[in-house]
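Notebook open, model loaded. I want to go through this chain piece by piece and jot down what I find.

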Amino acid sequence: MYAYKGKEPSIHDTVFLAHDAMIIGDVTIDEYSSIWFKTVIRGDVAPTRIGKRVNIQDLSMLHQSPDRTLLIEDDVTVGHQVTLHSAIIRKNALIGMGSLILDGAEIGENAFIGAGSLVPPGKKIPANTMALGRPAKVVRELTDEDYQEMERVRKSYVEKGQYYKTNTVL
């Protein structure tokens, strides 16, 4: 962790933070969240706010543009190698692996962004929908099976994060 111009990360003591994750500047991470291996979260331009039980998976990059907070609400899953830049990610959303979510984009509550998608600046993805592609387009409403799978992933990462937090590295 690094301070930047007097701003230090604020990380709840229940958070699992991988040993090689980089957290810089004005970043707040709330309880039972997990920040996985080789992830970079830079709060050196504007704030980054991460809610409860959020998982930011391996090799992800989180950053901002001036005066544009990156906000991730509670119970969000951010897949491997995702870039989030000055966006808003609402509760229970899932961002698929390798996706890019750019400035001013807003991902609605319970939305599912398919792997490899690009959500361009200012694009709004409605709640309870699946969007995918480059650029991302809504393809359908979510099903009960989708919600169950999203919940399974969220819960597994809370459990896995707490396991990693309480077990020593060999």
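Where is the place of T14? I found T14 in the loop between β1 and β2 (16-17). Strands and helices here are DSSP runs (E, at least two residues, for strands; H or I, at least four, for helices), numbered from the N terminus.

**Ground rules.** I am working with a predicted model, where local features need pLDDT of at least 70, side-chain atom pairs count only at pLDDT 80 or more, and totals for chains, interfaces and linings use all residues. Residues are numbered from 1 along each chain as its sequence is written, and side-chain values use heavy atoms, with hydrogens and water left out.

**T14.** Next I looked up its contacts, meaning heavy atoms within 4.5 Å. Leaving aside neighbours within four places in sequence, T14 touches E31, Y32, S33, Q162 and K165. A polar atom of the T14 side chain lies 2.8 Å from the backbone nitrogen of Y32.

**Strand β3.** I went to β3 (residues 22-29) and found six of its eight residues buried. Two strands pair if DSSP finds at least two bridges between them. β1 (residues 10-11) runs parallel to β3, joined by two bridges, and S10 stands opposite T28. On to β5 (residues 40-50): this strand is also parallel to β3, with seven bridges, and I23 has I41 as its bridge partner there.

**Cores.** A nonpolar core here is a set of buried Ala, Val, Leu, Ile, Met, Phe, Trp, Tyr and Cys residues joined through side-chain atoms within 4.5 Å. The largest one has 35 residues, and I35, I72, L84, I89, I101 and I107 have the most contacts inside it. β3, β5, β8 (70-72) and α1 (144-166) each supply at least two residues of this core. β3 gives the most, with three residues. I then listed what I72 touches, leaving aside neighbours within four places: R49, I50, G51, V54, I56, L62, L84 and I89. Another core lies apart from the largest one; it has five residues, among them L94, F112, M130 and L142.

**The helix.** I tested the length of α1: its 23 residues should span 33 Å at 1.5 Å a residue, and the end C-alpha atoms are 33 Å apart, so the two agree. The expected span is 1.5 Å times one less than the number of residues. The buried residues of α1 are D146, M150, V153, R154, S156, Y157, V158 and G161.

**The open sheet.** I traced eight strands in the order β2-β4-β6-β9-β12-β15-β18-β19, with mixed pairing. β2 and β19 (136-141) are the edges; each has a single partner strand, so one side of each has no neighbour in the sheet. β18 (residues 129-133) and β19 are antiparallel, joined by five bridges, and T129 is the bridge partner of E141.

**Whole chain.** The C-alpha trace spans about 40 × 35 × 20 Å along its principal axes. Buried residues make up 46% of the 170. Of contacts between residues at least 6 apart in sequence, 10% join residues at least 24 apart.

Technical notes: Buried means under 20% relative accessible area, exposed over 50%, partly exposed in between (1.4 Å probe, protein chains only). A polar contact is a pair of N or O atoms within 3.5 Å; within protein, one must be able to donate a hydrogen and the other to accept it, and residues adjacent in sequence count only if both atoms are side-chain atoms.
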